[in-house]
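Hi,

Have it open while you read.

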Amino acid sequence: MSYLRSDGEVSAVYRPAGEPDLQAPTNAMTFVAPGSITRRQFGLFRRDMTPHAGGPKPHFHRTYSESFYILQGVVRVYDGTDWVEARQGDFLYVPKGGIHAFSADSDAPSSMLILFAPGAARERYFMELEELRQAGRSLTPDEWRELWARHDQFMA
């Protein structure tokens, strides 16, 4: 039990769409409910992908689980063993340490919700990736490993 008081409290957080601190660096990612507003209990992001946008290679996280819920289109998801073509309404849960990946490989746009629990501060990771993309900068393998490790992402 994590709430010990016998009475409730007024503590809900309402965030209307478009608040500046919820905007990711691109239209491809929306920080719906980052850990900074959920008391680090979870982080909820929306990822909108163009056709053939690709995705990360198989990896795992040590300190949080990750879940994927497909809103639109087809997203290939990897459960550590097999790649599956996930469609609208499909869900993948990956516990801490679980190897996983996703990729937008189809000819149509796709969209999904990504849930991190507890609410790891993933915003900075996605911002750094966009900064690298905009700068046209390529990282060495060692630089990638350092960036990933800083954000609890380890390649499988």
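Let me start with the strands: S4 and strand S7 (residues 91-94) run antiparallel and are joined by four bridges. In that pairing, Tyr69 stands opposite Phe91 in S7. S4 itself covers residues 65-72, and it also pairs with strand S9 (residues 110-117), again in the antiparallel sense, over seven bridges. On that side, Ser65 stands opposite Ala117 in S9. Before you go further, bear in mind that this is a predicted model.

Back to Tyr69 for a moment. Is Tyr69 buried or exposed? Together with Phe91 and Tyr93, Tyr69 makes up a nonpolar patch on the surface, and the three have about 350 Å² of accessible area together.

Now the aromatics. How many aromatic pairs does a search of the whole structure find? It turns up nine. One of them is Phe31 with Phe45, a tilted pair with 4.8 Å centre to centre and 45 degrees between the planes. That pair links distant parts of the chain, since Phe31 is in strand S1 (residues 29-33) and Phe45 is in strand S2 (residues 43-49), 14 residues apart. Phe31 has 2% relative accessibility, so it counts as buried; Phe45 has 0%, so it counts as buried too.

Then there is Tyr125 with Phe126: the ring centres are 5.2 Å apart and the planes are at 70 degrees, so this pair is edge-to-face. Both of these residues are buried.

Arg122 lies over the face of Tyr125, at 4.3 Å from the ring centre. Elsewhere, Arg76 has its charged end over the ring of Trp83, 4.4 Å from the centre of that ring.

Last topic, charge pairs. Side chains of opposite charge can pair when their charged atoms come close. With a limit of 4 Å between a side-chain nitrogen of Lys or Arg and a carboxyl oxygen of Asp or Glu, the count comes to 13 salt bridges. Here are some to look at:

- Asp7 and Arg5 meet through their side chains at 3.2 Å, N to O. Asp7 is partly exposed at 41% relative accessible area, and Arg5 is partly exposed at 44%.
- Arg46 bridges to Asp48, with the closest N and O atoms 2.9 Å apart. Arg46 comes out partly exposed at 30% relative accessibility, as does Asp48 at 24%.
- Glu143 bridges to Arg137, where the closest N and O atoms are 3.2 Å apart. Glu143 has a relative accessible area of 32%, so it is partly exposed; Arg137, at 47%, also counts as partly exposed.

Over to you!

Note on methods: Residues numbered from 1 in each chain as written. Predicted model: local features only at pLDDT ≥ 70, side-chain atom pairs only at ≥ 80, totals over all residues. Heavy atoms only, no water. Phe/Tyr/Trp six-rings, centres within 6.5 Å; stacked < 30°, edge-to-face > 60°. Helix = DSSP H or I, 4+ residues; strand = E, 2+ residues; numbered from the N terminus. Buried < 20%, exposed > 50% of the residue type's maximum accessible area, 1.4 Å probe, protein only. Lys NZ or Arg CZ within 6 Å of the ring centre and 35° of its normal. Patch = residues over 30% accessible without salt bridge, like charges linked within 9 Å, V, L, I, M, F, W, Y side chains within 5 Å. Areas by Shrake-Rupley, 256 points an atom, 1.4 Å probe, with all protein chains shown as cover. Pairing = 2+ DSSP bridges.
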